[in-house]
Amino acid sequence: MLVLETQHVRMNQHAIDKAQALQCLVNILVEDQLVTPEYIDGLNNREQQGATYLGQGIAIPHGTPESRQFIQQTGVRLAHFPEGVLWDGENKIYLAVVIAAKSDEHLQVLQILTRALISDLEDQVKNAQSPEQIIALLQAQPASLALHENLIATQVPAQDIDDLIWQASQLLKQQHMVQCGFLSGLNLKQMIHLGDGIWSISSNQHVLNPAVSIVKTETPLDFEQQTLSTLVCIASNDQLDLSRLHQLMDILFDTTQSQSIQSEQDEHQLAQLLGAEVIPDWPSQQIILANAHGLHARPATQLVNLTKQFSGDIQVAVDDGAYVSAKSLTKLLALGCRRGQRLTFIAQPETDAVDALVQIIDAVRQGLGEEVEQFDEQSLSTAQTTDNTPLISFESDAQLENTGIAASTGLAFGPAHVVKPREFDYVREGQSFKAENERLEIALHQVKNHLHQFIAHTSADEIKQIFMAHLEMLDDPDLMQSVQRGLKQGLSAPAAWHDHIDAAATAQAALSDRLLAERAADLRDIGERVLAVLCDAPEITEPEQPYILIMHDVGPSDVARLNKDRVAGILTAVGGASAHSAIVARALAIPAVVGAGDAVLNIDPHATVLINGDTGEFVVAPEQAQIEDAIATRERQRELRAQAQQHCLEPAITQDQHQLEIAANIGKVSATAQAVTDGAEAIGLLRTELVFMSHNSAPDEQAQEADYRVVLDALAGRPLVVRTLDVGGDKPLPYLPIAEEENPFLGLRGIRLTLRKPTLLRQQLLALLKAADDRPLRIMFPMIGRVEEWRAAKAILDEFRTEYPCNNLQVGIMIEVPSAALLAPILAQEVDFFSIGTNDLTQYTMAIDRGHPLLSAEADGLHPSVLLLIDQTVRAAHEHGKWVGICGELAADPKAVPVLMGLGVDELSMSSTSIPLVKAQIRGLNYTECQRIAQHALKCESASAVRALVEC
Ligand code: PEP
Ligand code: MG
């Protein structure tokens, strides 16, 4: 972070012209070992592109990107030239703020300066006598109190005074006037009654810019035995010029005026009555800013040059902020508009400015002199929110959208390694059965040797298991027999091998359930390995340095096979955030963006690709500055993670002392120990179908008991929530065949299946009870949609409870089907707990397949419809003294954590790698504020509106 410090100010510098001044500045930088002398060329070249005069007698000379190689250390120095130096042929500067920035840190300095530039500073800068004076001038806060139409809300439905205060503080927060923590500084005891139902409250904590927000209730509230219908919320600070506040108070205290204020419901009219800045009712046009580094000095200058050509007034605002003149460079810079934010231009009616709007929008679209990567016009509505929803493309040859679905957190970059199905050349006709069979056996032998070597060199269990499964497939006698049949018909070894594998894989994939399709991918994978040997095809060489793996789809088996040291990140054409492959990527902590469209397969194989697993964005051939930014961000994330990791064993308690239980989701019994090390206070979801899948045939009661004991032993007294077998849908078990179904997700899944195979359920429940030994065991049934299902499952468990009593047992259900959430008030009377599976609950509520390549990003668990079901479930449970957990992927989503906590859930269960960060996040939250956010989220109209409520 660049800061302006007094020891970096050089007073009394002299230069006869700009060239001498620039040399003087480089000398200072060289002296302080920030740059080498060659940096002077960078400064000169930059000035030739456009003078760095900022306004108010200040310039900000800095080098070109090419001259960054001469920077030894990022830093900033200030030089005071009391006689002034002519800088742009027109203006003299008295202060030069010279910047040596390896990436874009200079934008921070610019931000500080532009705040100062709003005031009239030139004379003070010129006459400054000391470094302290200069720093104080530059860091001056805007003194005037902001009050504009966007800080006023009428007809606000508020339940009570707390709610109203929250809304007033939200308005200030949304307009970037205050930061998190402002709300906690508002003290009800300091409310002042201004008369006629108008009250005021103020705080000077966490204030960025002094401002006032005004909220009027839909219906008056009772407060302190009086009426409250209008709340004036003042965010002040020490430097506040009080005159504007006094003006406002005069209006509010004036009885005649206050009555009109009371009756006025229109925000625009009310703003006028209060003397606030109003949004003029002028013709307007909007555009999303696409410049990579926002509206910084160069593009802003271009914009000013353009707008100044018109005599009519032109104003501009960012998102819903206040309007400023589009002809003032300093005001434009102070807007701090970033890429992706919406600029609204308005033009004074009946002047030439109205016609100028089209030209202005066009110029902004063209990048205002910079090369920009265009935003699609359609992104106008989505870019205002933090929603990651990609644009929908129905075309098969889709364009690269540069956005997919954020599937696994983190930033990664490296050369693209595009893995497409390989094609091989071979003759179909064989020489003789004997010769071709021999060829096949040699090839199989070679591939098996490779697999053995892989197994020997891999420490990760999941990778070993995948390769062992591949070995078994190769040893399958049926496979050999089928291929040999082809050889006997006169086919060559590669032709017979390919035909058989292709037919087998196609048949498997055609069963249309996802895990089966992934097993088909395994078959194709070994098929390809053998074929490559048979055809003497060269091995695919992986890039030497960590790369971005680009594939059509990455199944769990592919992910498990990845070498984490070589695969920096994953980018796929299809897939969704809650598909099981994404879950595995998260468990291995590899950043991933999925569902980015088929165009990613056409990315140039050696191009550098930068992916952001938190936003779903990716960039092909990023600029050096973007990579440097990514490295810096990743470094910050690493630091945050390292800090969070240090405290991961401590509980998750909010600032106002509300504690949440944080548990882990696991699918392998051996993962328990790591989960505990990562800070899990319980296992909140043991996906037993995954435990089953690690066995080649159905594990019997003893084998299961042994598995469950491993988990309970490693938990050492912490609770274990076990879900009974949840197969069907996208999770088939090879040894539990299910007849083909039209809609597997709506078919025999979870409890519907096991109730029809009660022996399987009995065996599992028995194994669990036997393993428990009075340790805290919680058993839950998946996919309950009807009370009858719950009762039937519970009755099976009850059969054994006398023979195998378990003193620390709770029995509950997963809430994954909307009908169960709606029936929660009834179910809550009978169960011990609910665990909400938001992956399925979202899929079934919104009728979107959770793995759908195009639609799954729209199935956001923060959709108000899902939140309403969660709210109903939590309220019903708490009414009957039962607890509620969340075990879907939503539990670890930073935007969802405050909302879920605010809705009152008692436990969050997630992939154990997410635990330290979620705990750290909760420690910074305020429960009361989360409750307010949650109540507002329930009233939102979309998931993106909910996401916009939450700051993090
Ligand atoms: C869920 O549906 O949210 C859940 C946790 O279960 P699974 O992802 O295993 O279907
Ligand atoms: Mg589920």
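Okay, let's start with one residue. Leaving aside its neighbours within four places in sequence, Glu705 is in contact with Ala767, Lys770 and Ala771. Glu705 itself sits in helix H24, which covers residues 701–715. Buried or exposed, then, for Glu705? The relative accessibility is 18%, so Glu705 counts as buried, given that the cut-off for buried is under 20%.

Before I go on, please keep in mind that this is a predicted model. So everything I show you is computed from that model.

Now the overall picture. We have a chain of 952 residues, and 54% of them are buried. In terms of secondary structure, the chain has 35 helices and 30 strands. The accessible surface of the chain comes to about 40,900 Å², and carbon and sulfur atoms account for 49% of that. And here's one on contacts: if you take those between residues at least 6 apart in sequence, 71% join residues at least 24 apart.

On to another strand, E9, which spans residues 211–223 and is where you find Ala211. Ala211 has a relative accessibility of 0%, so it counts as buried. Who is around it? Beyond the neighbours within four places in sequence, Ala211 is in contact with Leu145, Ala146, Leu151, Leu172, Met177, Cys233, Ile234 and Ala235. Take Ile234 from that list: Ala211 and Ile234 are 23 residues apart in sequence, and their C-alpha atoms are 6.1 Å apart in space.

Next, a sheet of seven strands. This one is open too, the pairing is mixed, and the order is E15-E19-E18-E17-E16-E20-E21. E15, residues 405–408, and E21, residues 618–620, are the edge strands with a single partner each, so one side of each has no neighbour in the sheet. On average, neighbouring strands here are turned by 30° against each other, direction ignored. Inside the sheet, E16, residues 411–418, and E17, residues 547–551, run parallel and are joined by three bridges. Look for Ala416, which stands opposite Ile548 in E17. There's a helix here as well: H21, residues 624–646, lies across E16, E20 and E21, at about 125° to E16.

H21 takes us to another helix, H33, residues 915–923. Which residues of H33 are buried? They are Ile915, Pro916, Val918, Lys919, Gln921 and Ile922. And what do they pack against? The list is H21, strand E22 (652–653), strand E23 (659–666), helix H32 (896–902) and strand E30 (907–911).

Asn665 is at 10% relative accessibility, so it counts as buried. The side chain of Asn665 makes a polar contact of 2.6 Å with the side chain of Ser909. Ser909 is also on the contact list of Asn665, which, leaving aside neighbours within four places in sequence, includes Gly684, Leu685, Arg687, Cys887, Met910 and Ser911 as well.

Last stop, the magnesium ion, ligand 2. Which protein residues are its donors? They are Glu816, through OE, and Asp840, through OD, lying 2.0 Å from the ion. Glu816 is in the loop between strand E27 (809–815) and helix H28 (818–822), while Asp840 is in helix H30 (838–846), so the pair ties together parts that are 24 residues apart in sequence. Glu816 has a relative accessible area of 2%, so it is buried. Asp840 counts as buried as well, at 2% relative accessibility.

How values were computed. Residues numbered from 1 in each chain as written. Chains lettered and ligands numbered in written order. Predicted model: local features only at pLDDT ≥ 70, side-chain atom pairs only at ≥ 80, totals over all residues. Heavy atoms only, no water. Pairing = 2+ DSSP bridges. Helix = DSSP H or I, 4+ residues; strand = E, 2+ residues; numbered from the N terminus. Axes fitted to C-alpha atoms, helices over the stretch in contact; angles between N-to-C directions. Contact = heavy atoms within 4.5 Å. Donors = N, O, S within 2.8 Å, 3.2 Å for Na, K, Ca; no water. Buried < 20%, exposed > 50% of the residue type's maximum accessible area, 1.4 Å probe, protein only. Areas by Shrake-Rupley, 256 points an atom, 1.4 Å probe, with all protein chains shown as cover. Polar contact = N/O pair within 3.5 Å; in protein donor to acceptor, adjacent residues only side chain to side chain.
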